[in-house]
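Hi everyone, thanks for coming. Let's have the structure up on the screen, and then I'll talk you through a few parts of it.

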Amino acid sequence: MKTQVCIVGAGPAGLSAAIFAAQAGARVLLIERGAVAGRKLLKTGGGRCNLTHTGTIEEFIRAYDVFGRFLKSALYAWPPQEVREFFHNHQLATKEEKDGCVFPITDRAADVCRVLVDAARRLNVEFLYGRHVWSVEKTQNDFYIVTDKQPVSAKAVIIAAGGMSWPYTGSTGDGYRIAAELGHTVISPKAALCPLITEETWPAALQGIAIAEATLKAVLNKKKILTHGPLMFTGEGLGGPAVFDLSRRLADVLVEGGHSVPITVDFLPETEAAELEKWLLEQCSAHPKKEIAGLLSVKLPRQFCLQLEEMISPGRPMMAAHFTKDLRFELLKRIKHMPLTIVKTAPLEQATITRGGINRDQINSQTMQSRHCEGLFFAGEVIDADGPCGGYNLQIAWSTGALAGKSAAEQVLAPAGSSPAN
């Protein structure tokens with residue numbers, strides 16, 4: 001089987017690459033090892049698909065931190081607003097939530113996937129499902145792709161096979177293996193945007209309890225790290241968006257047998273300690289016969305309040321009439337500055353994204369083409385670039401896929417003798 005552009009992986013990056021390569025006039029074949037496209041995409045955002053975020057390209061670049069400079073050209077290739085316009089033009093409107101997250105109006109990831117697959121098919125993209133790519137070999141004039149069925153010959157190849165998170169969706173590291181066989185360095189994959197495991201065991205007693213808004217603080221290399229958002233207690237520590245964002249920042253130090261990281265958690269970040277103390281004193285005065293956990297449960301989950309009470313006054317309830325200054329100090333300290341020790345991340349299999357992947361230095365950021373292998377391109381999570389929660393990682397997939405697709409098509413359709421720069 002012959003084609004001009006062969007894409008490995010039918011996730012969000014692979015689908016966008018297919019659409020943009022086909023729009024540019026290339027003949028495109030998309031190989032997917034699963035039975036359907038977008039299996040991981042269907043799980044994103046709890047099945048709702050947080051497909052991007054609000055903000056300018058420069059704001060996105062800042063959010064990506066150390067990866068922002070590498071992603072700049074890709075973001076201009078398919079900016080967040082144009083992603084939204086694409087879905088709107090395909091009869092799937094989007095909506096903004098107060099935190100800046102953007103979802104399809106239907107709250108259905110399946111609708112996002114359907115639009116992408118339908119758009120690709122209308123552009124005559126050919127899909128091969130249930131095909132495992134064993135190897136990609138570079139010949140003098142093209143690539144020879146070995147699958148578990150017939151081989152494929154292509155002028156350009158785009159690797160969009162994902163990382164190693166959520167392997168049940170098909171992300172099992174195939175893209176890393178292929179890239180390494182073609183001479184590329186793979187930065188060791190690590191879990192990111194995932195739960196964090198604490199040295200302390202008390203969070204396990206609150207498994208499943210959520211805090212609506214929390215602020216987490218850590219210090220790494222004398223640099224303060226702050227993350228904000230919902231938090232949830234797990235059987236081994238902490239989860240939820242605020243924790244996931246912190247995990248991304250700590251991923252490189254929380255390796256097996258590596259360093260632990262002390263953090264503090266503010267469970268009521270919108271309320272100053274003095275304001276909270278004043279409120280507590282007023283409540284105690286108005287309700288002297290009530291338990292402190294009961295009074296505080298209007299602001300925080302009752303089970304969490306009972307846990308705080310047990311920490312401060314083990315074995316006996318704290319009553320409003322006997323809520324001394326020392327007890328008040330201890331309670332405020334635990335609400336506003338709860339110390340915890342992070343010992344590691346959850347396993348990579350449980351992570352939303354993979355930190356690590358194909359070394360960015362070996363990829364031309366203006367084309368997504370390999371600097372070592374002409375005609376080979378990369379897109380999506382397979383690249384060592386990631387972002388925080390809130391649609392930023394899907395935007396990486398859309399944008400790098402679009403740029404890789406455009407660039408690959410330009411190369412295969414270029415007149416003989418000309419070649420885009422690496």
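Let's look at helix α7, where Ala242, Val243, Phe244, Asp245, Leu246, Ser247, Arg248 and Leu250 are buried. Buried here means under 20% relative accessible area, with exposed over 50% and partly exposed in between, using a 1.4 Å probe and protein chains only. That makes eight of the 10 residues of α7, residues 241-250, so the helix is largely enclosed by the rest of the structure. Helices (H or I, at least four residues) and strands (E, at least two) are DSSP runs, numbered from the N terminus.

A word on what you're seeing: this is a predicted model, so local features need pLDDT of at least 70 and side-chain atom pairs count only at pLDDT 80 or more, while totals for chains, interfaces and linings use all residues. Residues are numbered from 1 along each chain as its sequence is written, and side-chain values use heavy atoms, leaving out hydrogens and water.

Two strands pair if DSSP finds at least two bridges between them. Strand β12 (residues 210-220) runs antiparallel to strand β13 (residues 223-233), and nine bridges join them. Thr215 sits opposite His228 in β13. The two strands make a hairpin with two residues between them, and Asn221 in that turn has a positive phi of about 50°. From β13, another hairpin leads through three residues to β14. Strand β14, residues 237-239, pairs with β13 in the antiparallel sense over two bridges, and Phe233 has Leu238 as its bridge partner there.

Elsewhere there's an open sheet of three strands in the order β3-β5-β4, with antiparallel pairing. Its edge strands, β3 (52-53) and β4 (94-96), each pair on one side only. β3 meets β5 (residues 101-104) over two bridges, and Thr52 has Val102 as its partner in β5.

So which residues have the most contacts inside the largest nonpolar core? They are Phe87, Ile145, Val157 and Trp398, in a core of 87 residues. Helix α12 (residues 392-413) gives the largest share, 11 residues. By nonpolar core I mean a set of buried Ala, Val, Leu, Ile, Met, Phe, Trp, Tyr and Cys residues joined through side-chain atoms within 4.5 Å. Beyond its neighbours within four places in sequence, Phe87 is in contact (heavy atoms within 4.5 Å) with Leu51, Leu92, Val112, Val115, Leu116 and Trp398. And there's a second, separate core of 45 residues, including Phe233, Ile263, Leu295 and Leu331.
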